[in-house]
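Dear colleague,

My notes on what was found in it follow.

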Amino acid sequence: MPTRSKRSLASNDRKSPRISKQAKVEVVIVDKSPSKYSTASSDSIPISKLKQRNGKGRATRTKETPASKQPPKEAQKVLFSKSRKIISSDEEDEDSRDEKSSDEEWSSEEETSSEDVSKDEEELSNEESTSSDEEWGARGPVKRKKTTKPIKAAKAKKTTKPRPKKASGKAKACPKDSGKDTDAIIGANLDSDSDDDIPCASAGQYLSEYEKKRLQNIQENAAFFESIDLQSAKNNLSDVSTKKSARPRGLTRRKWEHPEVPPPRPRSLRLQNKNPEGVQLPPKPEPVPLYQDMHPRKPAGPLDMAATNVKGDGKGLADSFQQELHRLAKTPIPKGEAKERLTVTQESFLKSVQSMAITEERVAKVTPERIFSVAVHPSTTKMLVCAGDKWGRLGLWDVESQEGEDGVYSYNPHSRPINCLQFSPVHHGKLYMCSYDGTMRCAEFEKNIFSEVFSTEEGTDQLVKYFDFLSEDGTTCLVGLGDGDVAVVDTRTKGTEAEHLYPAHDRTIKTVSVHPTQRHYFVTCCNDSNVYIYDLRNMKKKGSQQFVASLYQHTRSVSSAYFSPASGSRILTTCFDDRIRLFDTKVIGQPTVKPLREIRHNNQTGRWLTPLRAVWVPGRDDLFVSGSMKQPRQMELFDDKSTLLHTYTDPDYLTSICSIIAFHPTQFLLAGGNSSGRMHVFSASSFSATSKKSPGSPRVVLKKMSV
């Protein structure tokens, strides 16, 4: 007799011995009553008897598990071999692969095993338990009849029929009609000790162990699906999906009925603009913006040029100052001095610049508020500096005068910031200015009036931002407006309307500059970082304009853009991206122009300071000046190669940032205005003799002006 296997019941992962070929399959099921066990086949072996028989071969020590830790008495599928060994379907698959072994090995094992099996079956046939009403399959309980199938005679005797050979190692498939005899095949002894395969009921073919197990699984799965009643559930689901929703019973849902809205109350007499007696009052004026309410536009037409800071006995001083302005308006300016500046070399110019200095007498408060614009009269005999402030006040400062408030006289021609001041290029007794209040005026020294040159429609809040002279005699001007348009204004015509109006930018224009020699070209800059060169001859009154060239590489708002005053070969721009750029206008026909030079310069003035504007030195294409944010406070002189040539500074008298700068047209005089209304003047000693102060009368700096 072969030696029995000593592997434990849990060692199903290893390959079973060859003697497990004649496997005996037993399905242990549990009844609804936990105390009843039954088997599905007649030759099954109880577990208690199996434990006793295991004790014959080897000593086993059983350990009873407490009732609380025992597994639930549910269905368990147990496979026994003839050596009382549990095998799985995987082991049977492995055994089926070993069917190609020699016939001698199988015959020796079968002879020894057949006798054992017959004895064991006879001994255990009387100890069978009663069959149960239910059987557990692979996935659930299966109902079966209480029948006990007899053991076939093929188990008691070994047949002499030779073992058939399998070519492919796989079982032959039964015919299609063999499905009717599946119960008969399953009912056969699948655990037979015989080495013969079970024949197919209808075709007489043989089934391997794999086919036997497969047929058994098919039947168990079919029984499981039948037990859970899958088809009826499917039908019920289809009925639910196609079934119409039932009509709601009982109270029906009513639509919401909005309550009746009471009629509106009659408007009060105050809202109807009526008096208590019901009489209609005159219409109220339309509200105006706060700044217009505080600072309304001055009346149209000419305004009297009377100083507002001179009263009583000071009127005589104002009269004398007006007489001095009359004299300046009639005094011609020699043109030779302007030409000398064009011919002097840069080295000679720097020597004169280094002699410029500031003294206590060169500092004075000229306007009550922040300075927006500065201009210097072109006279060579008198230092006259002009400044426009935030609320439309114009300050004229006779730098060398000791009369009145140190030669400072204040006027009020506008109601909002004066952003540009320029003297006429031919008639030096006319000072043109434009303001945010939408008007452009001219201070005529000979007539003592502020005549109105141009004005926008009142109430539209149209700003007049900047202007430049379009003609050499100064009779025609090009004006930049707050909505991005440019206007051509002729000062000789009657009325205050523009001759032509052209769109140039989508947003407000900052500055306008006309080419000095080719006056049909002009350059404009905008706070959307665009700088365009236009040809006035090709401008259209409607639609988008085609610019001649675009000066790009500006990334933020551009504060100013100016042609060089001598030949117009350069354009100087100041931008809030902390750059001062120089462009060459010789490539004016190209659509885009790159900067020729670029200077890194701090231009972040903030909210309370006037933005910096770099301006050319009059009469030169190679020098320009600019305010600075550096410490100590200073004004800077650059050349066209981006070189810092000179700084105007003084720790005693220049202690603030001068944002707006203007150079004298012919003399070495530089004036800078800060955001408190104070002017600082650097001048050469050769400009004029310094006036002598009388003893005991210290210089008084204007601190507060009456409006």
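Which residues make a nonpolar surface patch of about 270 Å²? The patch is made by F225, I228 and L230. Patches here consist of residues with over 30% relative accessible area and no salt bridge, with like charges joined within 9 Å and nonpolar side chains (Val, Leu, Ile, Met, Phe, Trp, Tyr) within 5 Å. Accessible areas come from the Shrake-Rupley method with a 1.4 Å probe, and for residues only the protein chains shown count as cover. A salt bridge is a side-chain nitrogen of Lys or Arg within 4 Å of a carboxyl oxygen of Asp or Glu. I228 lies in the loop between α5 (209-227) and α6 (230-242), and I228 is partly exposed, at 42% relative accessible area. The classes are buried (under 20% relative accessible area), exposed (over 50%) and partly exposed in between, with a 1.4 Å probe and protein chains only.

Please note that this is a predicted model, in which local features need pLDDT of at least 70 and side-chain atom pairs count only at pLDDT 80 or more, while totals for chains, interfaces and linings use all residues. Residues are numbered from 1 along each chain as its sequence is written, and side-chain values use heavy atoms, with hydrogens and water left out.

Overall content

The protein has 10 helices and 37 strands; helices (H or I, at least four residues) and strands (E, at least two) are DSSP runs numbered from the N terminus. Of its 707 residues, 48% count as buried. The accessible surface comes to about 39100 Å², and carbon and sulfur atoms account for 52% of that area. Among contacts (heavy atoms within 4.5 Å) with a separation of 6 or more, 59% are between residues 24 or more positions apart.

Sheets

Two strands are taken to pair if DSSP finds at least two bridges between them. The loop between β32 and β33 contains P632, which a cis peptide bond joins to Q631, with omega about -5°.

A second open sheet has five strands in the order β8-β17-β16-β15-β14, again with antiparallel pairing. Here the edge strands are β8 (303-304) and β14 (418-423), each pairing on one side only. β14 pairs with β15 (residues 430-435) over five bridges, and F423 has L431 as its bridge partner in β15.

Strand β37 (residues 678-683) is largely enclosed by the rest of the structure, because five of its six residues are buried. K365 stands opposite R678 in β37, and L670 stands opposite F682. The hairpin of β36 and β37 has four residues between the strands, and G677 in this hairpin takes a positive phi near 90°.

Salt bridges

The whole structure holds 16 salt bridges. R581 and E598 form one of them, with the closest N and O atoms 3.0 Å apart. R581 lies in β28 (residues 579-584) and E598 in β30 (residues 595-600), so the pair ties together parts that are 17 residues apart in sequence. R581 is buried, at 4% relative accessible area, whereas E598 is partly exposed, at 38%. Another salt bridge joins E636 and K630 (3.5 Å, N to O); E636 is buried, at 0%, and K630 is partly exposed, at 44%. In helix α5, K212 and E209 lie three residues apart, about one turn of the helix. Their side chains meet in a salt bridge (3.2 Å, N to O), and both residues are buried. A network of salt bridges links E324, R327, K382 and D398.

Backbone

Phi is positive, near 55°, in D461, a residue in the loop between β17 (449-455) and β18 (464-469).

Yours sincerely
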